[in-house]
Amino acid sequence: MTYLVTDNCIKCKHTDCVSVCPVDCFYEADNFLAINPDECIDCGVCVPECPEDAIVADYELQPETREKWDEINRRVSDWNVNIVDQIDPLADHKEFSGLPNKYETFGIIPSSILPMNR
């Protein structure tokens, strides 16, 4: 079992979860956070910290949805932009809080600090 960050995080990107993670398994894109499923120790301390309810145990998701978010979390983690400190959420996060189907609408934007985006 692992935890995955899902659609509710997109365009909000609260980082309360990052500050409690004992193994620093969070990675970031410009508009999303991800958990590296291979680094997550399944402790669940991040879940109650997320004000958007974006973090879920993989077993709580339907198989197709689980595969989708596992792949997205792995892809973002592969960009190697590890985040270990809490920062402010995106400036317009309130506008996007609770909006459905954000992945289909906005996608995941790679971090602007990636070498290819400099």
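The model is a predicted one.

**Overall fold.** I counted four helices and four strands in the protein chain. Along the sequence I read the pattern β-α-β-β-β-α-α-α. I then checked the radius of gyration: 13 Å, close to the 13 Å from the globule rule for 118 residues, so the chain is as compact as a globular protein of that length. The C-alpha trace spans about 35 × 30 × 25 Å along its principal axes.

**Burial and contacts.** I found 46% of the 118 residues buried. Of contacts between residues at least 6 apart in sequence, 77% join residues at least 24 apart.

**Surface and charge.** The chain exposes about 6,200 Å², and carbon and sulfur atoms supply 47% of that. I located the mean positions of the 9 positive and 23 negative charges; they are 5 Å apart.

**Asn31.** I looked up this residue in the loop between β2 (26–29) and β3 (32–35). Is Asn31 buried or exposed? Its relative accessibility is 3%, under the 20% cut-off, so Asn31 counts as buried. Its side chain reaches the backbone nitrogen of Ile109 at 2.9 Å. Beyond neighbours within four places in sequence, I listed its contacts, among them Cys9, Lys11, Leu90, Phe106 and Ile109.

**Val81.** I placed Val81 in the loop between α2 (63–78) and α3 (93–96). With a relative accessible area of 7%, Val81 is buried too.

Terms used: Residues numbered from 1 in each chain as written. Predicted model: local features only at pLDDT ≥ 70, side-chain atom pairs only at ≥ 80, totals over all residues. Heavy atoms only, no water. Helix = DSSP H or I, 4+ residues; strand = E, 2+ residues; numbered from the N terminus. Buried < 20%, exposed > 50% of the residue type's maximum accessible area, 1.4 Å probe, protein only. Polar contact = N/O pair within 3.5 Å; in protein donor to acceptor, adjacent residues only side chain to side chain. Contact = heavy atoms within 4.5 Å. Rg over C-alpha atoms; globule rule 2.2 N^0.38 Å. Areas by Shrake-Rupley, 256 points an atom, 1.4 Å probe, with all protein chains shown as cover. Lys, Arg positive; Asp, Glu negative; His and termini not counted. Charge placed at Lys NZ, Arg CZ, Asp CG, Glu CD.
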